[in-house]
Amino acid sequence: MSTIYDRIYAAAEPYWQTRSGEIHMPEVYALAQELLRRYPEADPTLVLPAILLHDIGYFGLPEATQMQGLSGSPQGWNAEITRIHEREGARRARLLLGDLGYDAEKIEQIAQIIDGHDSRTEALSLEDALVKDADKLWRFTASGVRISRRWVNQEPQPFMDYVEAKIDSWMLTAEGAAMARAILAATRGHYQQEGYDES
Ligand SMILES: [Fe+2]
Ligand SMILES: [Fe+2]
């Protein structure tokens, strides 16, 4: 039986076919589910739609422009691109969730989380913190390292050192930080394996 999250997933998926979103999104969705297991008091009806929809504002922006939405980007970071994908994502999320008949009050809270998921450094709520942490956690995974290190033109080892040094400032929850360390240790393990093929 399909759940409301399956329906949101299906409606969001067409917007993921850019910026490796088709890889990023299923993985951050799984990471958010793990964070929700560790914080059972958090509301999944906010976290899961917000995570599935957080980056849909990138869709339709030219690739080169999208890359400027990334701090550390070789093309130079343009904070306005970050804001555009947040605002556009929040706008599209309101429409998409409205079409699915989602609770209006929740739609507003989800849109607020999306509209600030990268630019707002502090969390508005535990749910907001879990969305931000799940999104960041991806950079510690094997595919997150493989893909996002190239976005910033770095070799795997310095990139892994860089994300490790950011754990305390990026992660907003204790479990998020613990997961970041564990996931990075596993990713480092892959890279240490003889014959590991990154591609
Ligand atoms: Fe984003
Ligand atoms: Fe993201």
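This is a predicted model: local features need pLDDT of at least 70, side-chain atom pairs count only at pLDDT 80 or more; totals for chains, interfaces and linings use all residues.
Me: OK, helix 5. How many residues does helix 5 have, and what's its reach?
Reply: Helix 5 covers residues 79–99, which is 21 residues, and spans 31 Å from first C-alpha to last, close to the expected 30 Å. Helices here are DSSP runs of H or I with at least four residues, numbered from the N terminus. The expected span is 1.5 Å times one less than the number of residues.

Me: Which residues of helix 5 are buried?
Reply: Ile 81, His 85, Glu 86, Gly 89, Ala 90, Ala 93, Leu 96 and Leu 97. Buried means 20 or more other C-beta atoms within 10 Å of the residue's own, exposed means 12 or fewer, and partly exposed is in between, with C-beta atoms placed from the backbone.

Me: And what do those buried residues pack against?
Reply: Helix 1 (4–12), helix 3 (44–53), helix 4 (63–67) and helix 6 (104–114). Just after helix 5, Gly 101 has a positive phi of about 75°.

Me: Switching to the largest nonpolar core. Which members touch the most others?
Reply: Out of 42 residues, those are Ala 32, Val 47, Ala 50, Ile 51, Ala 93, Ile 110 and Ala 134. A core like this is a set of buried Ala, Val, Leu, Ile, Met, Phe, Trp, Tyr and Cys residues joined through C-beta atoms within 7 Å.

Me: Which helix gives the largest share of this core?
Reply: Helix 3, with seven residues.

Me: What's Ile 51 in contact with?
Reply: Val 28, Tyr 29, Ala 32, Val 131 and Ala 134, leaving aside neighbours within four places in sequence. Contact means that the two C-beta atoms, placed from the backbone, lie within 7 Å.

Me: So how do helix 2 and helix 3 pack: what angle, and how far apart?
Reply: The angle is about 160° and the axes are 9 Å apart. Axes are lines fitted to C-alpha atoms, for helices over the stretch in contact, and angles run from 0 to 180 degrees between N-to-C directions. Helix 2 and helix 3 are therefore roughly antiparallel; that label takes angles over 145 degrees, and roughly parallel takes those under 35.

Me: Which residues meet there?
Reply: Met 25, Val 28, Tyr 29, Ala 32 and Leu 36 from helix 2 meet Pro 44, Val 47, Leu 48, Ile 51 and Leu 52 from helix 3.

Me: What about helix 1 against helix 3?
Reply: Their axes come within 9 Å and cross at roughly 15°. That makes helix 1 roughly parallel to helix 3. Tyr 5, Ile 8, Tyr 9 and Ala 12 of helix 1 meet Leu 48, Pro 49, Leu 52 and Leu 53 of helix 3.

Notes:
Residues are numbered from 1 along each chain as its sequence is written. Chains are lettered from A and ligands numbered from 1 in the order in which they are written. Helices (H or I, at least four residues) and strands (E, at least two) are DSSP runs, numbered from the N terminus. Angles under 35 degrees count as roughly parallel, over 145 as roughly antiparallel, 65 to 115 as roughly perpendicular and the rest as oblique.
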